[in-house]
Amino acid sequence: METKLLWIPLLPFIGFLLNGMFGKKFGPRVVSWIGCLAPLGALAVTYSSWKQLTGVVDRLDQVVFPWIWLEGILEIPFKLTFDGLSATMCLVITGVGSLIHLYSIGYMRGDAGYHRYFAYLNLFTAFMLILVLADNLLLMFVGWEGVGLCSYLLIGFWFEDDANCVAGKKAFIVNRIGDFGFLLGMFLCIVHFGSLDFGVLTDREIIAGVAASSAWGMPAVGATTLITLLFFFGATGKSAQIPLHVWLPDAMAGPTPVSALIHAATMVTSGIYLCCRLMPLFESSPVCMAVIAGIGATTALFAAFIAFSQNDIKKVLAYSTVSQLGYMFFAIGMGAFSAALFHLVTHAFFKALLFLGSGAVIHAMHHEQDMRKMGGLRKQLPFTHMMFLIGTLAIAGMPPFAGFFSKDEILFSGFMNAFGEGASGQAQIFWGISFLTAGMTAFYMLRCLALTFWGESRVAPETVNKVHEPGGWIAFALFALAIASTVGGFLGVPAILGGHNVIGHFTGLHVETSGLSAAALETHHAMEWTSMILSLVMAAGGLVLGYFFYGSLADVRKSLTSENPIGQRLRHLSGNKLFVDELYHKVVVRPIEILSWLLFFFIDRLLIDWILVEGTALVTRATGDFFRRMQTGFIPGYLMTFGCGVLVLLYILLNILTGNGS
Amino acid sequence: MASHILSLIVLTPAIGALLLAFVDRKNVSVIRQGALMISCVTLALGILMAGSFEGSTLGYQMVETHSWIPGLGIGYHLGIDGISILLVLLTCFTMPMVFLSTWKAVGTRVKEFNICLLLMQTGMLGAFVALDIILFYLYYEAMLIPMYLIIGIWGGKRRIYAALKFFIYTMVGSLLMFLAILYLWQHTGTFDLPLMLERLRTSTPLDPQAQFWLFGAFTLSFAIKVPLFPLHTWLPDAHVEAPTAGSVVLAGVLLKIGTYGLIRFAVPLFPLAALEFQPLLCWLSLIGIIFGALMALVQDDIKKLIAYSSVSHLGFVVLAIFVFDASAITGGVLQMVNHGLSTGMLFLLIGVIYERRHTRELSDYGGIARVVPVYATFFIIATLSSIGLPGLNGFVGEFLILAGTFKVDPLYGTVAATGVILGALYMLKLVRLFLFGPIIHDENRVIPDLDAREWTYLLPFVLLMIWIGLYPKPFIEMVQPSIEHYLQLFAY
């Protein structure tokens, strides 16, 4: 019964091989079948494995083969583990993944690279499943880099356009910078833990021992702090957090279902998964937790701010993803790993829904993504509008949609840290930021909805009549995700609403509060109510503000952003993404290019090759010329030289024979 | 038979070359098929040899000893251990692919070309299995001449310059080494490597001063071959001017003689000096890793780009050798093979496109992935192997080297790991400009994709990359015990 686990990643991988090698001969019909049956099969195997988990057995293991195996030094098996956490991730990946595969049948129809598309998508699914099933960091790294590769290939899927290739390359390189941290983290684990197995790395006793030791030359920074900071740096690459968030908005160059699957629902959440997987390790370092909370909250705010003024519908969603991922990291920093994972799951539902909804709009609009050329689509696309509305309400955190429950749990954990026992000023700032962001999220999502679907139509006259509702698989996938976004929140209804944190218990990330006394519990509940009401007010406020600003009060908005100098400046900053790309280009990219050129010309060519190498050759030739001139043909001169030579040799020989070494 | 298998492997190509000498030069197809057959026989013998190799045995296996010039203490001594076996196999594997790749590319003086390649194979194999220093030196030098001819006769426009540069550069190094060898002989009274090591350890140890100079001479010679920064400038010239087959052999196998020489001779003969030189050599390797990568970033010629990437990759191997850590050196030996596979395949692929378009300028390409999808797929796989994507071969070696280095010195490990980022930078730039983007030149619209022959010699590379990437255990098992045995040298 254990040997089944391998089939979870293997099925999509087989799909990749079949479509990749023979897809062209198969034709689109067979390609779709193979492409979609692969993740569906993986879903079926995941489901049956998940069924085995209930009760006594809380994890399944499968050692497939010994992988990088240095006997006695470093023994790393290709081993898969299926526990609550991996099960949840696998269900999301295969569940949402299958829907997106189905959606793609409609979306990618007629594309010249149809089989290539499905091959890549299956390969991605396989790597993503390896990532979450791996039992050690190194195997996880296979998935980690593998999904990065697929992301690269899919962002640059339409590679005739150079901009897409540049975006793909940027994604890969920025991720590699993060992976540099991941690698160093692994090396430190090898040094301090002597292992990369999750079993060892999450053993609290071992961690306590390591935490007491210090990393080289840095006695102030404990080893676990350094390790977790490095892993978090890796996570900022994959999960698009400051300072490595710059690749994700550009990644929207890929086909929209790819954006939904890879750049919203699954791959970008790998960083969250990594933190959850190594929860005890992260918990052992308060410094790192504070850093995570700070980066998460800042990224959430920062990305929401940029989302305010994006005109490309996918760019809004991209920044919103960055922002929501920031939320999840904020939760982790607050110690609420379970809330982070919960939000990961609900986010996968509603963000996939929003992306696929935007894809339906883009499809209907014949590849128009600029919201300034949309508007009033509600009449022509009532179904898509409905779906998009559900997604918007979910991400804004309106009950009873999924986002409400997960976001509430995060904000509550922030609230507890800020105002509960042992509160710190720092935590209050972080909470304030995330609280503000909740309102901003609601606002910019409503803006997106309003610009696209409401108000006057600004659609170009030549496309306006061609706009049509999606059908078939596209509609099916949207509908299924809308249902998930509506009811998904019930996986984690808070105790005060009479719920039971299903997902937290199942994944083992939930921290019990049962040890509290009755009075403490009462305060706890009171705080939970306060937090919930506050965040609800904030979200509703954002929605209402957005509704009026992009409806009847549009004039007020315009005067605020185009006449008020502060408003103008903010809009300028937001519209230009706070100039981070420009900064990186000036500070990192250009200097490396210039440095390379300078080194090439001055060191490699001029100094080494011309002066040293050719110079030596020149000197040799000149010396040769000199000696050639000594060949005068004058016999007595030769004899003289010969005589001198003999004398010198004799002297040396005598020295050697008598001195016998020095 | 089993006891003579190494001689058989080494001499088969030479005998083949002799036979080819009698074939009529107009009979081109017989010559080509004959050379291919000979190299296939060598490969079969190599596999046979690997089958009887026992990883757990320490010391040399399949040893052959005959006295040769007893008066001077020169013997015919062959043997193989975990350090050399993979390199022998790599050589045996690469050559048939190279021969197959020349069928269209080389049209002039086919007979001489094939004879040169076969002689070179004997030279390389001999150098990897020789345990007598003079024997090694003979093979080591013997390789030089066919390579010189291959570049000088079948090369590009500036072939004479490049060939001469290659020849003089390596010659300078090997002369110094020859003097050092003579000194060693005078000191120990033998040319036999195991015997010499024994005597240096027990009866006639070298004083540190002498070790210092001798190590310097050996290392200089090998560092030129590798090539280690700043001795690398012959490599881009040689690669650019060499015909495809020359480049593949050069990058695939020849450079590894340098790193092999360091492990086999320079370090064990003079361990004290090796320790003394450690910081210098480690830093040169690190500079090479970064410098090579930055140089690759600004090249317009595809072959030059790959040549500089070799400087970067072999920096990893030299680093691995001089941190004296078991996992690093095991990774280093593995990485020699990995580099041979990835870079060898990249050069083969460049040859494929060069035959069709007769240019290697990056700006002459762009967008060809749409025209030649199979070619592009192969190219991307080789690229991914080169940048160390987990699951392919490059990662295994790179990871072991970096992990081992980091254990010894976190600073070295951290600096070296930046090479991982830089590697992706220049290789992806290459892929973008070469394969992706819009098609700018109309000539590129009609390039034919890979034919059956090209498939045949490229596919084995891919299969090996995946095999080593997913299941490196058998390879590691062949290497690791020998490395641990080897490191006991430093135990005292």
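Biologist: Where in helix 11 of chain B does a kink lie?

Modeller: This is a predicted model, and in it helix 11 of chain B bends by about 55° at Phe277(B), shortly before the proline Pro279(B).

Biologist: How do you know how far helix 11 of chain B reaches against what is expected?

Modeller: Helix 11 runs over residues 271–297 of chain B, 27 residues in all, and spans 37 Å from its first C-alpha to its last. At 1.5 Å a residue you'd expect 39 Å, and 37 Å is close to that.

Biologist: What makes you call helix 11 of chain B mostly covered?

Modeller: Buried means under 20% relative accessible area, and 19 of the 27 residues in helix 11 of chain B are buried.

Biologist: Over to chain A. Why is Trp610(A) called partly exposed?

Modeller: Its relative accessible area is 48%. Buried would need under 20% and exposed over 50%, so Trp610(A), at 48%, falls in between and counts as partly exposed.

Biologist: And what makes the nonpolar surface patch of about 970 Å²?

Modeller: Trp610(A) is one of its residues, and others include Trp597(A), Phe601(A) and Leu606(A). Trp610(A) sits in helix 27 of chain A, residues 580–630.

Biologist: What do strand 1 and strand 2 of chain A form?

Modeller: A hairpin, with 3 residues between the strands. Gly72(A), in the turn, has a positive phi of about 80°.

Definitions and conventions. Residues are numbered from 1 along each chain as its sequence is written. Chains are lettered from A and ligands numbered from 1 in the order in which they are written. This is a predicted model: local features need pLDDT of at least 70, side-chain atom pairs count only at pLDDT 80 or more; totals for chains, interfaces and linings use all residues. Side-chain values use heavy atoms; hydrogens and water are left out. Helices (H or I, at least four residues) and strands (E, at least two) are DSSP runs, numbered from the N terminus. The expected span of a helix is 1.5 Å times one less than its number of residues. The bend at a residue is the angle between axes fitted to the seven residues ending there and the seven starting there. Buried means under 20% relative accessible area, exposed over 50%, partly exposed in between (1.4 Å probe, protein chains only). Patches are made of residues with over 30% relative accessible area and no salt bridge: like charges are joined within 9 Å, nonpolar side chains (Val, Leu, Ile, Met, Phe, Trp, Tyr) within 5 Å. Accessible areas come from the Shrake-Rupley method with a 1.4 Å probe; for residues, only the protein chains shown count as cover. A salt bridge is a side-chain nitrogen of Lys or Arg within 4 Å of a carboxyl oxygen of Asp or Glu. Two strands pair if DSSP finds at least two bridges between them.
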